[in-house]
Amino acid sequence: MRKRKEQAFNEIVRRVRKECFGKGPERIHTMFVENIAISVLHGNLTPTEKFISQTPEGAEIVRAARTNMIQTLYSQHVPDGMEELIGSKMLYLFSDFKVEEDMGVSVFIFEKPIDPFYSENDP
């Protein structure tokens with residue numbers, strides 16, 4: 001049976017978020033569509049972010065900080081192993097965060113279509 005790549009992709013995303021924010025998402029669901037990976041992340045907020053986001057102004061600060069940090073991080077360096085796993089260069093990342101639901105969405109656009117399964121030559 002051929003193994004799907006989503007779990008390995010999710011682990012890369014989780015590792016990056018944990019290194020960046022001190023806490024990784026509790027759940028990640030990723031879908032591959034042509035040359036796009038769409039990741040929905042749940043359970044992201046740290047206790048400090050939850051406290052700050054109790055006001056509308058605080059929630060906007062948390063949303064903007066998370067969104068900007070992720071976009072800046074990925075623009076400076078594609079996470080180790082991501083392009084190798086996908087077999088293609090990452091071109092763009094679009095990301096946003098809904099504080100009230102503690103949910104984020106990241107859309108990764110790669111140069112070539114993504115094969116969702118490992119081939120026989122992959123590790």
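**View 1. Phe32 has Ala37 as its bridge partner in strand β2.** The model is predicted: local features need pLDDT of at least 70 and side-chain atom pairs count only at pLDDT 80 or more, while totals for chains, interfaces and linings use all residues. Residues are numbered from 1 along each chain as its sequence is written, and side-chain values use heavy atoms, with hydrogens and water left out. Strands β1 (residues 27-33) and β2 (residues 36-42) run antiparallel and are joined by 7 bridges; two strands pair if DSSP finds at least two bridges between them. Helices (H or I, at least four residues) and strands (E, at least two) are DSSP runs, numbered from the N terminus. The two strands β1 and β2 form a hairpin with 2 residues between them, and Glu34 in the turn has a positive phi of about 55°.

**View 2. Strand β2 also pairs with strand β4 (residues 103-110).** These strands run antiparallel, joined by 7 bridges. His42 has Met103 as its bridge partner in β4.

**View 3. Glu49 lies in helix α2 (residues 47-52).** Glu49 counts as buried because its relative accessibility is 11% (buried is under 20% relative accessible area, exposed over 50%, partly exposed in between; 1.4 Å probe, protein chains only). Its side chain makes a polar contact of 2.9 Å with that of Arg66; such a contact is a pair of N or O atoms within 3.5 Å, and within protein one must be able to donate a hydrogen and the other to accept it, with residues adjacent in sequence counting only if both atoms are side-chain atoms. Leaving aside residues up to four places away in sequence, Glu49 touches Phe21, Asn44, Val62 and Arg66 (contact means heavy atoms within 4.5 Å).

View 4. Arg14 is partly exposed at 22% relative accessible area, as is Glu11 at 41%.

**View 5. Asp96 and Arg63 meet in a salt bridge of 3.0 Å, N to O.** This pair links distant parts of the chain, with Asp96 in strand β3 (residues 90-98) and Arg63 in helix α3, 33 residues apart. Asp96 is partly exposed at 40% relative accessibility, and Arg63 is partly exposed at 26%. Glu60, Arg63 and Asp96 are linked in a network of salt bridges.

Terms used:
Salt bridge = Lys/Arg side-chain N within 4 Å of Asp/Glu carboxyl O.
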